[in-house]
Amino acid sequence: MILADLPELLEAMTATNLEPWQASLAQQVHKKLAHPHGDMPVWIEALKALPQIAVSQSDLAVCVPSARCAEPLSADCRTRLRRSLQALCPWRKGPFDLFGEYIDAEWRSDWKWKRLHSHIAPLKGRLVLDVGCGCGYHMWRMWGEGASRVLGVDPSRLFLVQFEALKRYLGPAAAVHLLPLAMEDIPRGLHAFDTVFSMGVLSHRKDPVDHIRALHEALRPGGELVLETLVTQGPAGSIFQPPGRYAMMRNVWSLPTPGTLEYWLQKSGFSHIRVVDINRTSPTEQRTTAWMPFRSLQDFLDPQDSTRTVEGWPAPLRATVLATA
């Protein structure tokens, strides 16, 4: 049930620039899954309990990717659907609409997509990599834009199971794949992808420049990088390294200024670098919902000054940068 599409992906790698990864990929995946999360049996049972529903229409080129059926669901079917999906909480990325069951995730991921969509190269016919893809919201938007194949990597087991639930209804035959891996698991020097997305990942890397170099090596010459990350304000060359937590996150290592980020990209071999958006994350874009009932951004900001985190640092500011390999 999990990663049933892996054989198709492996076969599709033959005679492409992904072929050097073909021999090791299955072993990598099996090794990762050999040590599952303690809640994995619960999540797998929820996945198995999803009802069989004949999908009459799926719409992925909209802000809320959706699946529809010709007839209204029975009360029992809807209850089973809702119970299974809620067993996979928390849902971090979304929203989704499955037969009228609205998954109101923590992040309004459609807002991020709207900010960058008009700036990126058209995805039609492109091989796409999404690094740190979460449950796959943006991958479905990429497929809806006509990408030829979309690969996502994210080590979270819960995100993998959520993706498998979504794929059952949004597109079981779609060439959209989530691998429970990290960017570090992708062989260097593939130069295979037409577009690579890395969104919300860079600030969590101990060596951000090496991450950027790895992204460059994943792209074919002339391919496009879409990089979105936390930044700080200040002159080129400046970096803010939180001495402790940042917005209650333990794993934020460095926040460059946009100018510093551009310099890192240039030194890593990228050209035509341009900052297309700078946006301060608001508690209406990242928030607690019924599908993510835990603390969210509002709880991580100073209650007296929303421009500061609870630690006293500037509130999260995100930049989207495009560059050419």
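Modeller: Before we dig in, a definition: two strands pair if DSSP finds at least two bridges between them. Helices (H or I, at least four residues) and strands (E, at least two) are DSSP runs, numbered from the N terminus. This is a predicted model, where local features need pLDDT of at least 70, side-chain atom pairs count only at pLDDT 80 or more, and totals for chains, interfaces and linings use all residues. Residues are numbered from 1 along each chain as its sequence is written, and side-chain values use heavy atoms, with hydrogens and water left out.

Colleague: OK, in which sense do E11 and strand E17 pair?

Modeller: Antiparallel, over eight bridges, with E17 spanning residues 317–324. Glutamate 224 has threonine 324 in E17 as its bridge partner.

Colleague: And how many bridges join strand E10 and E11?

Modeller: Six, in the parallel sense; E10 covers residues 193–199. There, leucine 227 in E11 sits opposite serine 198.

Colleague: How many residues of strand E11 are buried?

Modeller: Buried means under 20% relative accessible area, exposed over 50%, partly exposed in between (1.4 Å probe, protein chains only). Ten of the 13 residues in E11 (residues 219–231) qualify, so the strand is largely enclosed by the rest of the structure.

Colleague: What about the largest nonpolar core?

Modeller: A nonpolar core is a set of buried Ala, Val, Leu, Ile, Met, Phe, Trp, Tyr and Cys residues joined through side-chain atoms within 4.5 Å. The largest here has 91 residues, and Trp21, Leu25, Leu129, Leu179 and Phe197 have the most contacts inside it. Helix H7 (residues 157–170) gives the largest share, eight residues. A second, separate core of seven residues includes Leu230 and Phe300.
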